[in-house]
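Here is a short briefing to read alongside the sequence and the 3D view. Take a moment to turn the model around before you start on the notes.

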Amino acid sequence: MELVHRTRPEDAFPYHWTRTDEDRFSVSARLPHDHPFFAPVHGDRHDPMLLMEAMRQAAMLVFHAGYGVPVGHHFLMSGLDYACYPEHLAVGGEPAEVDIETTCSDLVWRGATLVRGRVDWLVRRDGHLVAAGTGLPRFISPSVYQRMRGDHATPRPWRATTRALSAAPAGRTRDEDVVLSPTLHRNLWELRVDTAHRTLFQRPKDHVPGMLLLEAARQAACAATAGARFVPTAGVTRFDRYAEFDRPCWIRAAVLPDSAPGTLAVRVTGQQDAESVFTATLSGPTPTR
């Protein structure tokens with residue numbers, strides 16, 4: 001669990017890894033069929049966000065265990081892209097076993113310490129490709145992180161006081177999982193942060209984690225389109241800066257008019273202090289009634 005930055009066993013998905021080439025690894029993972037946060041979509045398919053989280057954890061595992069990045073270093077993603085293939089994501093009565101082929105490249109070292117790179121994933125289940133992705137991680141030592149963050153570097157609890165958007169429009173089934181607050185403007189929400197959330201906050205944090213921003217993008221895309229009927233199966237996300245707890249972060253969604261036939265695409269942006277926090281383009285099959 002330490003190598004994938006999780007504190008609860010039910011939130012740690014990889015369980016074994018082996019190096020298959022100099023910069024290639026095979027990571028075995030189990031996808032739970034009954035996770036309360038990464039719950040199956042439409043009741044019969046694994047959540048694409050679960051696949052993305054499993055890939056992210058696989059990257060942390062191999063960079064720590066395979067390249068010696070110290071566990072105390074901060075793991076930051078400047079970019080995260082993914083695509084899932086729902087036809088191979090059927091949920092059964094027990095966890096699904098997957099193999100995450102993890103390939104690392106464009107590695108930049110400072111002396112004997114790895115500071116950044118690229119990771120590509122291919123996720124297979126029973127020989128079928130179920131997901132693919134690319135991440136752009138950076139690794140920051142505690143001393144450098146302290147200088148970067150300054151007065152913001154101290155972890156603290158935080159709980160939003162704004163009311164949550166209803167769960168169904170956000171594509172969720174539980175109110176406690178909603179991370180958006182409605183505003184007076186269409187397709188504009190304020191980010192809600194609750195550091196007591198057991199999955200989104202595994203450890204004390206001094207800023208909004210990327211996992212929460214990804215979830216905010218997914219919920220905004222659902223709320224701007226068809227609620228729980230829209231399931232984003234692909235995404236391209238770029239992170240530009242940290243989002244702080246103590247200032248509003250605005251989440252805006254716009255449905256793209258030139259989506260491919262049978263596909264719905266939504267551009268989601270996050271802004272704080274009039275500066276970009278992230279940009280995500282999410283797409284998935286056009287919902288049918």
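Leaving aside residues up to four places away in sequence, Met148 touches Ile140 and Tyr242. Keep in mind that this is a predicted model, and that the values below are computed from it.

**Around Met148**

- You can find Met148 in helix α2, which covers residues 142-149.
- Is Met148 buried, exposed or partly exposed? Its relative accessibility is 41%, so Met148 counts as partly exposed, because that class lies between the cut-offs of 20% and 50%.
- Met148 and Ala234 are 86 residues apart along the chain, and their C-alpha atoms are separated by 32 Å.

**The overall fold**

- The protein has three helices and 12 strands.
- Its radius of gyration is 18 Å, close to the 19 Å that the globule rule gives for 289 residues, so the protein is as compact as a globular protein of that length.
- Take the contacts between residues at least 6 apart in sequence: 66% of them join residues at least 24 apart.

**Inside and surface**

- Of the 289 residues in the protein, 51% are buried.
- The accessible surface comes to about 13400 Å², and carbon and sulfur atoms account for 51% of that area.

**Charges**

- How far apart are the mean positions of the positive and negative charges? The protein has 33 positive and 33 negative charges, and their mean positions are 4 Å apart.

Terms used. Residues numbered from 1 in each chain as written. Predicted model: local features only at pLDDT ≥ 70, side-chain atom pairs only at ≥ 80, totals over all residues. Heavy atoms only, no water. Helix = DSSP H or I, 4+ residues; strand = E, 2+ residues; numbered from the N terminus. Buried < 20%, exposed > 50% of the residue type's maximum accessible area, 1.4 Å probe, protein only. Contact = heavy atoms within 4.5 Å. Rg over C-alpha atoms; globule rule 2.2 N^0.38 Å. Areas by Shrake-Rupley, 256 points an atom, 1.4 Å probe, with all protein chains shown as cover. Lys, Arg positive; Asp, Glu negative; His and termini not counted. Charge placed at Lys NZ, Arg CZ, Asp CG, Glu CD.
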